[in-house]
Amino acid sequence: MWKVLFFIRYFLKNILEYLYIMQNQEFFLYDIWNKFLLKLEQSEQVGQDLISIFRDSSLYSLTTDKAIIHAYTFINFSLMNTNIKLIKFVLSEVLDKEVEVDIIFRKEEDIIKQNENTIYKSKLNPQYTFTNFVIGKSNKEAQFSAFFCANNPGLYYNPLFIYGKSGIGKSHLLNAIGNHITKNFPEKKVALIPSSDFIELVFECSKKGSLAELKKSFSKIDVLLVDDIQFIAGKEKTHEIFFSIFNELVSNNKQIVITADRKPDDIKGLEDRIISRFNSGLKMSIVEPEFETSVNIIKMKLLNFSELRHSISDEIINFIATNFSSDVRSLEGALNKILFHSINYSLNETITLKECREIFKDETLEVKNEITVDKIKDCVCNYYGLTRSQLIGKSRTSNISNARHISIYLCRKLLDLPFSKIGQEFGNRDHSTIMSSCDKIEKNIKNDMNYQIVVSELKKRLKPQ
């Protein structure tokens, strides 16, 4: 029995040691190699010429019993093999255990070329252009700044930072910039890379000891487009490499455009120096599309289904825009569902509103269609003894203002309407004002029992019988 336990213990020890190395791969190889170089420098028996050769090399990989060292020139490869016993002795001292050593040779140019093939491998989606990007109040500033950068790459707004929640057009703009520059400035090297791919690239190059070559590969880029930068948060080595690449490109007037799901200051785990660099450029937000923009997005999507356009009336388009305008993907999903039903099940030339409600019966739209903005306004007015004109007017009297805030909150919670759409219903107020009203009532409900009672009572009165 003790032999089995000894074997298990020995096996687990080696597995844990291997996992530790792999989990810390981003900095582990660099750390070991730097300690190796320091130990060489402390030895009086090793000349500076030899140390210089080692400095031009790197630790490629390390397992429990073997180290592989990467030489970038054939001369270095030969000299390191001549001194392999010395390397083995010093490296074993650093690791506090004996390891075998192998030297491999790959030209620096080959590594850079391989990295460039990965970076420049086109990830641009040709379907995303400025032409088919629907402009509205929710995105017009971001679209303008993106179009300006695409026409003047590297000259202004560097970096351009576009942020907003998922599915509202950030990636569309990023691709549109890349496609526009590729078409109008064919001499410029454009690279679009999701941050997840960048993280993987840094990890692989770190493992191979070729991070210096990776930075050289990126330095040749004229336009760098990075999607979803928030995913690099908390990754120390990735931060270091990205920061170096960023500074190199910006200082040489190369255009950088970045997207994220929130503004730089709100990305937890992002280094202050990177946040500072992002804030030094132009930040533009995109919010959820307002009703009119949602309608235009649906109509734009329908251009790809010209043979079915007649089956989707304006009434159905308005239905989709009202109920699914939280983001562009939701609009697309709802439209595709209706088109699928039209092709496979509908007996009518035109989809009716009744059919439409039936299609989405599992998505709790029945309640949404029975409760309307007008019903919410009337319910709140009756409860507080106000008129509609008072409710949507500009009066800041405490009683009226409070009723207005609650009405706005109920429209958001019960109908899930976009902030901009609610703003239109309440005297054409700005979407930020509507957001503020919702936040205020949310906080009051948590902290004040009276608000809980009022909102609960209004919901009961609005609940369909």
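Strand 6 (residues 223-227) and strand 7 (residues 255-260) run parallel and are joined by 4 bridges, where strands are DSSP runs of type E with at least two residues, helices are runs of type H or I with at least four, and both are numbered from the N terminus. Within this pair, Val226 stands opposite Ile258 in strand 7. The model is a predicted one, in which local features need pLDDT of at least 70 and side-chain atom pairs count only at pLDDT 80 or more, whereas totals for chains, interfaces and linings use all residues. Residues are numbered from 1 along each chain as its sequence is written, and side-chain values use heavy atoms, with hydrogens and water left out.

The two strands belong to an open sheet of 5 strands with parallel pairing, in the order 5-6-7-4-8, two strands being taken as paired if DSSP finds at least two bridges between them. Strand 5 (190-194) and strand 8 (282-285) each have a single partner strand and stand at the edges, so one side of each is left without a neighbour in the sheet. From one strand to the next, the twist averages 15 degrees, with axes fitted as lines to C-alpha atoms, for helices over the stretch in contact, and angles between N-to-C directions running from 0 to 180 degrees.

Helix 8 (residues 170-184) packs on the sheet, where it touches strand 4 (160-163), strand 5, strand 6 and strand 7, and its direction makes about 165 degrees with that of strand 6; contact here means heavy atoms within 4.5 Å. Helix 11 (residues 236-251) also packs on the sheet, touching strand 6 and strand 7, with its direction at about 140 degrees to that of strand 7.

Glu288 lies in the loop between strand 8 and helix 13 (291-302). With 9% relative accessibility, Glu288 counts as buried, a class defined by under 20% relative accessible area, against over 50% for exposed and partly exposed in between, for a 1.4 Å probe and protein chains only. The side chain of Glu288 makes a polar contact with the side chain of Arg412 (3.1 Å), and the side chain of Glu288 also reaches the backbone nitrogen of Phe419 at 3.1 Å. A polar contact is a pair of N or O atoms within 3.5 Å; within protein, one must be able to donate a hydrogen and the other to accept it, and residues adjacent in sequence count only if both atoms are side-chain atoms.

For the protein as a whole, 23 helices and 8 strands are found, and buried residues make up 46% of the 465 residues.
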